[in-house]
Amino acid sequence: MTFKTLDDLNDIAGKRVLVRVDLNVPVSDGKVTDATRIERVAPTILELSDKGAKVILLAHFGRPKGEVVADMSLKTIAPAVEAVLDRRVLFASDCIGDVAKSAIDAMQNGDILLLENTRFHKGEEKNTPEFTAALAANGDIFVNDAFSAAHRAHASTEGLAHHMPAYAGRTMQAELEALEKGLGNPTRPVVAIVGGAKVSTKIDLLQNLVKKVDALVIGGGMANTFLAAQGINVGKSLCEHDLADTARTILAEAEKAGCAIVLPVDGVVAREFKANAANETVAVSAIPADAMMLDVGPKSVEKVNGWIEKAATLVWNGPLGAFEIEPFDKATVSAAQHAAAQTRAGKLVSVAGGGDTVAAVNHAGVGDDFTYVSTAGGAFLEWMEGKPLPGVDILNASK
Ligand SMILES: Nc1ncnc2c1ncn2[C@@H]1O[C@H](COP(=O)(O)OP(=O)(O)OP(=O)(O)O)[C@@H](O)[C@H]1O
Ligand SMILES: O=C(O)[C@H](O)COP(=O)(O)O
């Protein structure tokens, strides 16, 4: 990694710094319901403001597809940004043109200005030279602090870095450093836990991981597809029978690469997908025909926790069971707490990411104990899949 950071940025008083942040946060009834992403970018914004820069925030919100959509206005998010920063945040109703220019011309050193949703212009996602130039006209320096949007080659995540010196913000820096420790250049043994609903959404991920990690724990609904591919009857469990060949290929690739595959040996089964549904624990070879496995069982958890103990590095995406409904959260909670304890004891580097994974780790009460919990969804997955991230590559290339 060769990107520059805020440590390389000196004498920026009065400079117009375009800061790409991810303000794509959950909103309900016009109020931000989870401000984690705003909290993550606050240190970068405050550091630049304290150094006297004119801090101009660029962000998208939702997928308005190049149209102005009222309920995707970043004006909705501005009060939450002010609350997190505890500073006044100015707002301009367009991110380019006269509206943006006059708001920027009126800024004092240290001011913070939020520009309207970049995706209100078609040129953002298309990364057109015209739109990128219009954004670039308003800045002297580009800082990207939006790792979670770095898988997009958009004007504000990639294009701008061709126009001016580009730096990683503090969150981008922390994220990249954590990911480097997780899979880039990890201490071995490396164990990956992949769970969640379906194999179909994570084929590339599984194929990349078996080449990189020493052991791959497969849990959640996707484990059923692997069990079924080995001839086990999984009853009414969530299962993609049409992916049996894919699952067998992944198992063969793992064997070739010397990656141990850890599948559940027992499960908690129920006949209804609802909280506190009547349930029983059975061996995977004895799943009743009319039941579905909603969590991996205690013997499996013991195995998973054993692998966590052997690991020096753990990467995790996807819960081991239907953790949103009790008691099917038990395996996920136990493994998360075990990983957290190993991390606290200094024995493990633990990196977790993915929307539901973050929720699961927080549900287990250990979100703060992991080495790093990524707020990125798609970008985290694409990084784990070994795909290039345009927003990161351009930072590494920036002179
Ligand atoms: N055995 C199971 N049967 C059915 N659903 C399950 C099972 N185990 C886990 N799930 C479901 O998988 C979903 C989470 O999987 P997902 O792959 O979306 O996780 P993620 O990658 O962390 O999240 P995101 O896709 O939001 O970034 C949860 O809704 C959970 O209920
Ligand atoms: O929420 C996210 O994962 C990022 O903000 C990227 O959003 P997108 O998937 O709409 O590009």
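Aspartate 7 counts as exposed because its relative accessibility is 53% (exposed means over 50%, buried under 20%, partly exposed in between, with a 1.4 Å probe and protein chains only). This is a predicted model, where local features need pLDDT of at least 70 and side-chain atom pairs count only at pLDDT 80 or more. Residues are numbered from 1 along each chain, and side-chain values use heavy atoms, without hydrogens and water.

Aspartate 7 sits in the segment before strand S1 (16-20). Its side chain makes a polar contact of 2.7 Å with that of arginine 170 (a pair of N or O atoms within 3.5 Å, one able to donate a hydrogen and the other to accept it).

Now the sheet. Strands of a sheet pair through backbone hydrogen bonds, either parallel or antiparallel. Here six strands form an open sheet with parallel pairing, in the order S5-S6-S4-S1-S7-S8. S5 (90-92) and S8 (166-168) each have a single partner strand, so one side of each lacks a neighbour in the sheet. S1 and S4 (residues 54-58) pair over five bridges; DSSP must find at least two bridges for a pair. Leucine 18 stands opposite isoleucine 56 in S4.

Helix H1 packs on this sheet and touches S1, S4, S6 (112-115) and S7 (141-144), where contact means heavy atoms within 4.5 Å. H1 covers residues 36-50. Its buried residues include Ile38, Val41, Ile45 and Leu48. H1 has a kink of about 35 degrees at alanine 42, shortly before proline 43; the bend is the angle between axes fitted to the seven residues ending there and the seven starting there. Just after H1, glycine 52 takes a positive phi of about 90 degrees.

Note on methods
Chains lettered and ligands numbered in written order. Helix = DSSP H or I, 4+ residues; strand = E, 2+ residues; numbered from the N terminus. Expected span 1.5 Å × (residues − 1). Axes fitted to C-alpha atoms, helices over the stretch in contact; angles between N-to-C directions.
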